[in-house]
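Subject: A structure for you to explore

Hi there,

Here is the structure I promised to pass on to you. Have a look around in the viewer, then read on for what I found.

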Amino acid sequence: MSVSTLVKSIQNIMRQDAGVDGDAQRISQLCWMFFLKIIDDQDQELELFDDGYRSPVPADLRWRSWAADPEGITGEELLAFVNGDLFPRLKDLSPRTGPRASVVREVFEDAYNYMKSGQLMRQVVNRIDGIDFNNLAARQHFGDIYEQILNDLQSAGNAGEYYTPRAVTTFMARMIDPKPGEILFDPACGTGGFLTCAVRHMRERYVKRPEDETGMQASLRAVEKKPLPHMLATTNMLLHGIEDPSFLRHDNTLARPYVSWGKDERVDIVLTNPPFGGKEEDGIESNFPRHFRTRETADLFLALIVRLLKPGGRAAVVLPDGSLFGEGVKTRLKEHLMKECNLHTVVRLPSSVFRPYASIGTNLLFFEKGEPTGDVWFWEHLVPEGQKAYSMTRPIRVEHLDDCAAWWGGAERAGREEGGRAWKMSAEEIRARGYNLDIRNPRAEEEDLGDPEALLEELTSAEAEVAAARDELKRVLTEALLR
């Protein structure tokens, strides 16, 4: 049975369970079970190569001890073990036993067992046990399936906010070009998409020796506020061969005072899609300087990102259109950004990229800390010809951004030319606009809507036809009632 078919069969089993209600719960249930299998397979491999290694999971709670036997405990006995033994003890693991113990504890801190049928749970366990996560080919294939599971979050209500289309994360990582040893931070990492794309990019281009891999893994940093995406991201890290994902903290980056981030915590790279459209809880804004105070989450993250970058550090950030044209705090933030950093590129995306979670225009901002902005280059990404918009069935793909990558001009961004989808504007011009970055492509063809007088005449005629039809319907109904 292929991994894809196997995962589908697991999801079908879960749909039969009365306790699992909807996509978000099913994905959460899948995740903690996959997590235990993945970490146990990793533990067994580490035990082979390191005689001194000990799993952070107590022996009787390890996957191999209670799940691996297809004839093992089931029914009420299995439910009693999971609810009364497995979960309570994993939630209470001592972090003193090592960073991997902290990872397990954080994952189970807010996890729940939603399944109510021990028989169905045994069926799920048996199918998950059929995946060998130490088999590289199987793990890579499962990685693709896991991406699809994360993609399913887009239809799981508000959970879709944690997923950034993989084409977007891949493109941003490719343009930022991280290297092993550079400290890379995602302060609102969601399900870990930027991290996995950055890791994949480095392994494909720069990881040649074991020390390169070690340096890369040691330089990752991430924070996620909400429990479900934190669990998904941690599992994602294990799945992508990260031995110690304890760098991925379950916390709120914005809850810490802005001035408390010291020089020793500066980073080389920020790759992120901060949540936008939401409001932080009361009091969070007081952690920031008065001129940056707002409850708009994306604005607070932008202020913090500028502070966190080292001199020469670079960032790629997803922001909504409102951040580009907004006034007040938003204007002060853009002025600050352009004074402290070289905002060299803005990629403008159509409103359909993040559907169905959001249907607003978004932008990819690329900037480097240390020098003020000179010229800002803009690139307008258009939906492929013959397609009106992106959708769940026809989403944005990596190759759709290849033209922008070709125009980019390498690390030095040399040889860029205006025309077609690309244009630039000087910092002076933007300053004169009140730091409004919502700048349309000056070369875009205006849609020909026709002669205004003719359109008005057509509208008047149509309204008259509707009125006549309404009067006729009223007459017919009146006659019918009088008979």
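Which residues of α4 are buried? They are G75, L78, L79, F81, V82, L86, F87 and L90. "Buried" means under 20% relative accessible area, while exposed means over 50% and partly exposed is in between (1.4 Å probe, protein chains only). Helices here are DSSP runs (H or I, at least four residues) and strands are too (E, at least two), numbered from the N terminus.

Before going further, some background. This is a predicted model, in which local features need pLDDT of at least 70 and side-chain atom pairs count only at pLDDT 80 or more, while totals for chains, interfaces and linings use all residues. Residues are numbered from 1 along each chain as its sequence is written, and side-chain values use heavy atoms, with hydrogens and water left out.

**Helix α4**

What covers those buried residues of α4? The cover includes α2 (22–49), α3 (63–66), α5 (99–109) and α6 (118–128).

**The pocket and the cavity**

Both are found on a 1 Å grid over the protein atoms alone: a cavity is a set of points where a 1.4 Å probe fits but cannot get out, and a pocket is an open set with protein on both sides within 12 Å along at least five of seven lines. Lining residues have an atom within 4 Å of a point. Grid points are joined across faces, edges and corners, and a volume is the space filled by probe spheres set on the points.

The largest pocket holds about 790 Å³ of space. Its lining has 27 residues, with R139, R203, E213, H240 and G241 nearest the centre. α7 (136–151) supplies the largest share of that lining, six residues. By class, the pocket lining has eight nonpolar, nine polar and ten charged residues. (Ala, Val, Leu, Ile, Met, Phe, Trp, Tyr, Cys and Pro count as nonpolar, Asp, Glu, Lys and Arg as charged, and the others, Gly among them, as polar.)

There is one cavity of 30 Å³ or more. The largest cavity has a volume of about 40 Å³, and I38, D41, Q42, F133, N134, R139 and L238 line it. α2 gives the most to this lining, three residues.

A173 sits in helix α8 (residues 166–176) and counts as buried because its relative accessibility is 1%. Leaving aside neighbours within four places in sequence, A173 is in contact (heavy atoms within 4.5 Å) with P178, C197, A198, H201 and L271.

T169 is in helix α8 as well, and its 0% relative accessibility makes it buried.

P187 lies in the loop between β1 (184–186) and α9. P187 is buried too, at 3% relative accessibility. Not counting residues up to four places away in sequence, P187 touches V223, T253, V270, T272 and F301. The C-alpha atoms of P187 and R249 are 9.6 Å apart, although 62 residues separate them along the chain.

Enjoy exploring!

Best wishes
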